[in-house]
Amino acid sequence: MKIGNLGDRLVIVTAAGAVDVERASGGRFTAEPQAVYEHWTAFREWAHSADLSATEPLDPTLLRPPAPRPPQIFAIGLNYRRHAAESGLDLPSDPLVFTKFASCLTGAHSSIPVPTDATADWEIELAVVIGVGARNVSADRAWEHVAGVAVAQDISERAIQFRGPAPQFSLGKSLPGYGPIGPWLVTPDELPDPDDLHMTCTLNGEEVQKTSTKDMIFPVPQLISRLSALLPLLPGDLLFTGTPAGIGSAMNPPRFLEPGQTLISRIDGVGELRNPIVAADPA
């Protein structure tokens with residue numbers, strides 16, 4: 001199943017278009033996209049037997065983040081082996097965790113504004129949304145707590161991220177528009193192997209990142225298990241799972257996003273983001 005946020009209304013995406021959940025359920029579930037995760041198990045049961053024939057056109061430019069107001073956002077740094085190698089760093093023994101702020105989240109076709117003289121970098125990622133709350137969950141049961149996965153970009157303003165005596169990861173990665181996610185949420189049962197998803201990122205048609213999620217140091221089940229051992233994961237929480245090799249700041253010379261470019265991020269079986277890069281309005 002694919003669920004989406006179409007113009008701030010919860011929809012189920014089908015081959016024929018989009019089904020408005022509030023109307024199709026007779027008001028049992030609201031149109032508010034974030035609210036569905038509090039009732040995820042009941043929603044899944046309803047959707048499996050619901051009449052989904054009443055579709056409307058699906059305009060991809062109207063797709064918003066499928067989890068627009070997550071209670072918590074977790075992001076993982078240095079979680080791909082080849083990315084660690086290009087960064088000249090040892091493999092971490094524990095997940096490196098930071099956060100992004102929800103105000104940075106934006107849609108699959110939204111513009112990404114970059115400030116003048118920005119050092120904005122690209123980072124394609126697999127995003128995971130929690131459907132069933134998790135606490136002290138074992139890795140072999142972790143996927144049972146996942147509502148679905150989406151394509152994401154963890155856009156990173158490197159000058160802010162590494163400014164000062166200590167890194168400012170969360171601030172540098174949370175400027176407006178720095179969290180594209182979508183185009184919709186795909187439930188794990190739709191994927192042949194949710195731990196082996198092929199991803200590519202292109203900038204103006206040039207392939208800059210290409211890998212599979214099987215290169216993760218800490219796969220999704222391990223991340224959920226380790227995080228839930230420390231604190232509760234809540235329905236609707238969002239997890240950015242890390243980026244593979246190929247970021248601009250690791251190139252020689254370094255490269256960064258510029259207005260006029262188009263950033264395309266794809267994960268097989270999940271979907272595609274297509275984000276134009278524009279100049280940010282002056283402060």
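How far is the sulfur of C104 from the closest cysteine sulfur, and in which residue does that sulfur lie? I looked this up first, keeping in mind that this is a predicted model, in which local features need pLDDT of at least 70, side-chain atom pairs count only at pLDDT 80 or more, and totals for chains, interfaces and linings use all residues. Residues are numbered from 1 along each chain as its sequence is written, and side-chain values use heavy atoms, with hydrogens and water left out.

**Cysteines**

I found that the closest cysteine sulfur to that of C104 belongs to C201 and lies 16 Å away, which is too far for a bond. My search of the whole structure gave 0 disulfides, a disulfide being a pair of cysteine sulfur atoms within 2.5 Å. I then checked burial (buried means under 20% relative accessible area, exposed over 50%, partly exposed in between, with a 1.4 Å probe and protein chains only). C104 counts as buried because its relative accessibility is 0%, and C201 is buried with a relative accessible area of 0%.

**Sheet**

I next traced an open sheet of 5 strands with mixed pairing, in the order β8-β18-β17-β14-β15. Strands here are DSSP runs (E, at least two residues), numbered from the N terminus, and two of them pair if DSSP finds at least two bridges between them. At the edges I noted β8 (112–114) and β15 (206–212), each with a single partner strand, so one side of each has no neighbour in the sheet.

Within the sheet, I saw that β17 (residues 262–267) and β18 (residues 271–279) run antiparallel and are joined by 6 bridges. On this pairing I recorded that T262 stands opposite P276 in β18.

Terms used. Helix = DSSP H or I, 4+ residues; strand = E, 2+ residues; numbered from the N terminus.
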